[in-house]
Amino acid sequence: MRPSRAVTYRFDDFLVDGDTRRLLRRDQEIHLSPKAFDLLCALVTHRSRAMSRRELHEHLWPSTFVQEANLAGVVAEIRRALDDSVDSPRYIRTVPRFGYWFVGPLADVLTDSGSRVLAPGTIQCWILFNGRQVPLAPGDNILGRAPDAGVWIDETNVSRHHARIHVDASGATLEDLGSKNGTFVRGDRLTGPRPLADGDEIQLGSVVVTFRSPGASDLTETASI
């Protein structure tokens, strides 16, 4: 699961330097244990979805039995380092009965070769649902009832993997994933992939969410929760 190439991530005042294995805040180093650094990197790398406790255990302690409290302790260490809160998370969200999810506003990703995956000020689209803003990562974002869905909607008439929003440099495209109750955009039922525009209302079963991407297709601003 660990990336084969060193990657640097930026979010808010923080920088996660995969080359030197350091967490920095405004150029000041914040100490993290090796396990905590590995866990933070894993969560940020897989930020488009929640990661299960089992998956994280296998990443941190492969082929080794450890108590459940060990993982919770490492997560607590990361939260202290980021000044994060369990009740109002800005970065690490607990997904009940499943695992953890990085929900921070990622601003920049650099590989060890210096190539940029997301440029500073790049916009990520997001979904408005139930008073929450859920960021959409580049690539595929699953909307559904399953705990591993990137946009988790815990409603009985929403399928586990109901629909998919694909985000790339050209914009965002929505596709139904064979859901039982259908996916609708502005009242029209999807029969194939459909490009999304800022403000589009998406209906999943009886649940309505709103797609936001001010500045639309060129993606020039970062969304946050």
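A salt bridge is a side-chain nitrogen of Lys or Arg within 4 Å of a carboxyl oxygen of Asp or Glu. The structure is a predicted model. By this rule it holds 10 salt bridges.

**Exercise 1. Find how far apart the closest N and O atoms of Arg21 and Asp38 are, and decide whether the pair is a salt bridge.**

Step 1. The closest N and O atoms are 2.9 Å apart.
Step 2. The cut-off is within 4 Å. Arg21 and Asp38 therefore form a salt bridge.
Step 3. Now place the two residues. Arg21 lies in the loop between strand E2 (14–17) and strand E3 (22–25). Asp38 sits in helix H1 (residues 34–45).

**Exercise 2. Classify Arg21 and Asp38: is each buried, partly exposed or exposed?**

Step 1. Buried means under 20% relative accessible area, and exposed means over 50%.
Step 2. Arg21 has a relative accessible area of 37%, so Arg21 is partly exposed.
Step 3. Asp38 has 11% relative accessibility, so Asp38 is buried.

**Exercise 3. Describe the salt bridge between Glu58 and Arg54.**

Step 1. The closest N and O atoms of Glu58 and Arg54 are 3.4 Å apart.
Step 2. Both residues belong to helix H2 (residues 53–60). They are 4 residues apart, which means a separation of about one helical turn.
Step 3. Glu58 is partly exposed, at 48% relative accessibility. Arg54 is exposed, with a relative accessible area of 66%.

**Exercise 4. Do the accessibility step for the salt bridge of Arg194 and Asp188.**

Step 1. The side chains of Arg194 and Asp188 meet at 3.6 Å, N to O.
Step 2. Arg194 has 24% relative accessibility and counts as partly exposed.
Step 3. Asp188, at 43%, also counts as partly exposed.

**Exercise 5. Work out how H1 and H2 pack: what are the angle and the distance between their axes?**

Step 1. Two packed helices are described by the angle between their axes and the distance between the axes.
Step 2. For H1 and H2 the angle is about 130°, and the axes are 10 Å apart.
Step 3. The crossing of H1 past H2 is right-handed.

**Exercise 6. Which residues of H1 and H2 meet, and of what classes are they?**

Step 1. H1 brings Lys35, Asp38, Leu39, Ala42 and Leu43. H2 brings Leu56, His59 and Leu60.
Step 2. Sorted by class, the contact has 5 nonpolar, 1 polar and 2 charged residues.

Methods
Residues numbered from 1 in each chain as written. Predicted model: local features only at pLDDT ≥ 70, side-chain atom pairs only at ≥ 80, totals over all residues. Heavy atoms only, no water. Helix = DSSP H or I, 4+ residues; strand = E, 2+ residues; numbered from the N terminus. Buried < 20%, exposed > 50% of the residue type's maximum accessible area, 1.4 Å probe, protein only. Axes fitted to C-alpha atoms, helices over the stretch in contact; angles between N-to-C directions. Left-handed = near helix turned anticlockwise from the far one by under 90°. Contact = heavy atoms within 4.5 Å. Nonpolar A, V, L, I, M, F, W, Y, C, P; charged D, E, K, R; others polar.
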